Amino acid sequence: MILEILDTYEKMSDRAAEIFKESVNRNPEIVLGLPTGSSPVGMYKRICDDYKRGELDLSQTTTFNLDEYIGLPPEHEQSYHHFMATHLFNCVNLRPENIHLPHASAEKKQVACEEYEQKIQKAGAIDLQILGIGRNGHIGFNEPGNPFESRTHVVKLHQETREANARFFDSLKEVPEYSITMGIKTIMRSKRILLLATGEKKAEAVKKTLYGPISPEFPASVLQLDPDCRILIDKAAGKSLEGDTRYLEA
Ligand code: F6R
């Protein structure tokens with residue numbers, strides 16, 4: 001793993017957007033895996049600005065989102081369809097047919113999961129997968145205990161994940177209980193992985209990701225198996241590393 005510690009959330013977002021832009025400019029037909037949540041908002045804002053300045057062309061690019069809540073229609077304000085439209089899709093020139101999110105409102109969820117997995121394979125694997133991380137180590141919505149062999153599947157969200165995400169809803173009971181997520185195996189098949197973590201609340205999760213035992217009990221620990229996985233954090237998220245510089249880029 002390669003660790004980069006940036007001073008602030010703003011600097012982390014600059015760096016993430018820079019990696020995004022370089023990757024797309026190098027290969028305009030790139031297949032991207034994308035997260036939602038607070039962590040990538042600054043990155044998406046910068047990507048939109050880069051696009052407006054004419055520094056980015058996403059017309060040949062394909063995207064696959066990590067996850068979507070079950071029980072929220074795509075137009076619901078807290079659905080990840082809506083999040084992505086607001087923060088990225090409506091402000092860049094991605095073609096609608098190249099944008100993919102799990103079809104969580106499908107009647108047959110299992111079929112929707114298999115179809116999503118097949119679409120990713122048909123696109124020839126994800127070239128750059130960007131991730132956030134939950135305090136309990138979840139990546140995508142792969143909660144603790146989820147097998148490393150999992151592909152796209154339906155998951156029951158853990159109570160702490162629902163509590164963490166309740167900040168976006170009027171109350172905890174409105175937070176969906178289930179979602180469809182890419183599996184750990186789907187994520188790990190990506191050619192490159194970039195994880196973003198910010199703020200003191202993520203400090204313990206960052207430490208366990210880098211140095212904890214590799215175990216499904218802490219899903220992000222699987223990233224230790226990918227020597228090229230790049231982890232971008234701000235200083236606050238690095239608080240528990242106590243000067244450990246093993247993975248710091250020279
Ligand atoms: C969202 C996702 C989740 C989030 C994680 C962190 O698509 O896959 O794993 O990345 O819950 O969320 P934030 O960034 O809001 O702390």
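## Ground rules

Here Ala, Val, Leu, Ile, Met, Phe, Trp, Tyr, Cys and Pro count as nonpolar, Asp, Glu, Lys and Arg as charged, and the others, Gly among them, as polar. This is a predicted model: local features need pLDDT of at least 70, side-chain atom pairs count only at pLDDT 80 or more, and totals for chains, interfaces and linings use all residues. Residues are numbered from 1 along each chain as its sequence is written, and side-chain values use heavy atoms, with hydrogens and water left out.

## Around the ligand

Now for some polar contacts (pairs of N or O atoms within 3.5 Å). A polar side-chain atom of S39 sits 2.5 Å from a ligand oxygen, and one of K202 sits 2.6 Å from a ligand oxygen. On its own the ligand has 410 Å² of accessible area (Shrake-Rupley, 1.4 Å probe), and the protein covers 94% of that.

## Who lines the pocket

The lining of the largest pocket (residues with an atom within 4 Å of a grid point) splits into 12 nonpolar, 18 polar and seven charged residues. β4 (67–69), α3 (80–87) and α5 (159–165) each supply at least two lining residues, and α3 gives the largest share, five residues.

Notes:
Helices (H or I, at least four residues) and strands (E, at least two) are DSSP runs, numbered from the N terminus. A polar contact is a pair of N or O atoms within 3.5 Å; within protein, one must be able to donate a hydrogen and the other to accept it, and residues adjacent in sequence count only if both atoms are side-chain atoms.
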